[in-house]
Amino acid sequence: MTLRIAILPPDASRQRVLTPKHLEELSQWGEVVCNEYGANDPASIRKTIEGAHIAISSWGTPSLTGDILEAAPQLKAVIHAAGTVKPIVTPELWNRGIRVSSANGPLGQGVAETALGLTIASLKNMWKVSRETRQGGWADEKKRVRELFDVTIGVIGAGKAGKHYIKLLQNFDVTVLVADPFVTPEQAEAIGASKAELEDLLSRSDVVSIHAPSLPSTYKMINGERLALMKDNAILINTARGSIIDEPALVAELEKERIFACIDVTDPEPPTADHPFRSLNNCILTSHIAGSVTNGMYRIGKYAVKEIERLLNDKRMDGEVEEKDMAFLA
């Protein structure tokens, strides 16, 4: 039997994550079938997945309903070359015993690297130093520069991105706190952090980096009451989801010029043209660049190929998602 691997995204989407080299690697294991219909509609996906043993999905792939899956009765796994699997997962996948993998891991690496960059740049006061020097000044803002040394970093959420951020912080002489209801003190210690309750973390941290998923329980979790707990001159970084922060409450806190914020995600996106995040001097606003963009997207393609290799070698996939995980996944 020839292994059949179906690439569900149409050309434009596929080329964002899979290079010709990735397709060549996949072809060593069997027949690679690409979506030639130029669309993500269910009919095109059904034609592409027909007879497949493994499928690769990505952003834009529709829910894999029973009607689609009937075309691939031998389908063993879906490798989602994107973040959350919620857009594609249906009960029919679990009922048919089809395994599912998410690329949240490589996406999380990019998010963590961005958060680390924002951490260093903000502690260094680079944003204000740059503004001052461009305006003809030199040393006033330099007095407020801090190093990533002997400070406390609070990490909210220990998923893929949060854990990788904590891993990166092990290269520095800092104290790391983590707030995550699903992480035990022992698990926190194993990854290089100390478990803390959210309020305690906010009150003790010099930098707070948000890596929690967007769930009903995290909606506007960082509200006015909790923002008020943060230290003077503390830095708040959000590379997770905009819905986690009560934005009017953050604006009110920033207007006091007491804390500094780096905001990569908003709710909704993009923010309005007159949103205060765009004009506040103590807020850096970026356009959802954390995670994989441009050449970083190919990290996802490489990961998808490795996931299939693990699957074919009868190993558990690194990003494997089970039905029981769905309740607390972003």
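## A buried serine

Ser 58 comes out at 3% relative accessibility, so it counts as buried, the cut-off being under 20%. That number, like the others here, belongs to a predicted model. As for where it sits, Ser 58 is in the loop between β3 (54-57) and α4 (66-69).

And what does Ser 58 touch, leaving out residues up to four places away in sequence? Its contacts are Pro 9, Val 17, His 80, Ala 81 and Ala 82.

## The nonpolar cores

The largest nonpolar core is built from 29 residues. Those with the most contacts inside it are Ile 156, Ile 210, Ile 222, Met 230, Leu 236, Leu 250 and Leu 254. Two or more residues each come from β7 (175-179), α10 (198-204), β9 (207-210), α12 (247-254) and β11 (260-263). Of these, α12 gives the most, with four residues.

Take Leu 254 for a look at the neighbours: setting aside residues up to four places away in sequence, it touches Ile 259, Phe 260, Ala 261, Phe 277, Leu 280, Asn 282 and Cys 283. There is also a second, separate core of 26 residues, with Val 151, Val 155, Val 183 and Val 207 among them.

## Salt bridges

Side chains of opposite charge can pair when their charged atoms come close. Searching the whole structure turns up 20 salt bridges.

One of them joins Arg 299 to Glu 113, with the closest N and O atoms 3.5 Å apart. This pair links distant parts of the chain: Arg 299 is in helix α13 (residues 298-312) and Glu 113 is in helix α6 (residues 104-123), 186 residues apart. Arg 299 has 27% relative accessibility, so it counts as partly exposed, and Glu 113, at 38%, is partly exposed too.

Lys 306 and Glu 309 both lie in helix α13, three residues apart, or about one turn of the helix. Their side chains meet in a salt bridge at 3.6 Å, N to O. Lys 306 is partly exposed at 39% relative accessibility, and Glu 309 is partly exposed at 30%.

Elsewhere, salt bridges that share partners tie Asp 140, Glu 141, Lys 143 and Arg 144 into one network. Within it, the side chains of Arg 144 and Glu 141 meet at 3.2 Å, N to O. Which of these two is buried and which is partly exposed? Glu 141 has 16% relative accessibility and so counts as buried, whereas Arg 144, at 45%, is partly exposed.

Key:
Residues are numbered from 1 along each chain as its sequence is written. This is a predicted model: local features need pLDDT of at least 70, side-chain atom pairs count only at pLDDT 80 or more; totals for chains, interfaces and linings use all residues. Side-chain values use heavy atoms; hydrogens and water are left out. A nonpolar core is a set of buried Ala, Val, Leu, Ile, Met, Phe, Trp, Tyr and Cys residues joined through side-chain atoms within 4.5 Å. Buried means under 20% relative accessible area, exposed over 50%, partly exposed in between (1.4 Å probe, protein chains only). Contact means heavy atoms within 4.5 Å. A salt bridge is a side-chain nitrogen of Lys or Arg within 4 Å of a carboxyl oxygen of Asp or Glu.
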